[in-house]
Amino acid sequence: MNERATAPVKGWLARVGVVVGGAAAATVLTVTAAAAAGPPLPDFRGRGLIHVFNTVDARTPVHVQDIGGRRHVLWPFNWKVCTQSPAPGKQVAGGPVSIGVVKNDERCPAR
């Protein structure tokens, strides 16, 4: 086939590529916006700290504080959740999640 005969086909393929690419970009933007809102935050209180890290989106900052003393929280498997902010059922919307923890063998302080 000569160059002159394939020119209309190349032009048609270019237009189809633009339409398909535009539709794909619109779909990606819609999915990204929906993911940014995210599902409501579950109730983490009484659960292991590792559950928080396994549940919350990796892009969401998680601030962890030992509310039973002044210790560093190094190994999440050794800690359980006592407090959380935002409250269960609220949307995170890209903001940080604050978690108050104590060691697994300790009791959560009275509220």
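What is the torsion about the S-S bond of Cys82 and Cys108?

Author: It is about -85°, so the disulfide is left-handed. The model is predicted: local features need pLDDT of at least 70, side-chain atom pairs count only at pLDDT 80 or more, and totals for chains, interfaces and linings use all residues. Residues are numbered from 1 along each chain as its sequence is written, and side-chain values use heavy atoms, without hydrogens or water.

The structure holds 1 disulfide (cysteine sulfur atoms within 2.5 Å). Here Cys82 and Cys108 are joined, S to S 1.9 Å. The pair links distant parts of the chain, 26 residues apart. Cys82 sits in strand E2, and Cys108 in the segment after E3 (strands are DSSP runs of at least two residues, helices of at least four, numbered from the N terminus).

The two ends differ in cover. Cys82 has 3% relative accessible area, so Cys82 is buried. Cys108 has 33% and counts as partly exposed (buried is under 20%, exposed over 50%, partly exposed in between, with a 1.4 Å probe and protein chains only).

Now the surroundings. The largest nonpolar core has 11 residues, among them Trp79, Val81, Val97, Ile99 and Val101 (buried Ala, Val, Leu, Ile, Met, Phe, Trp, Tyr and Cys joined through side-chain atoms within 4.5 Å). Helix H2 (49-55), E2 (79-85) and E3 (97-103) each supply at least two of its residues. E3 gives the most, with 3.
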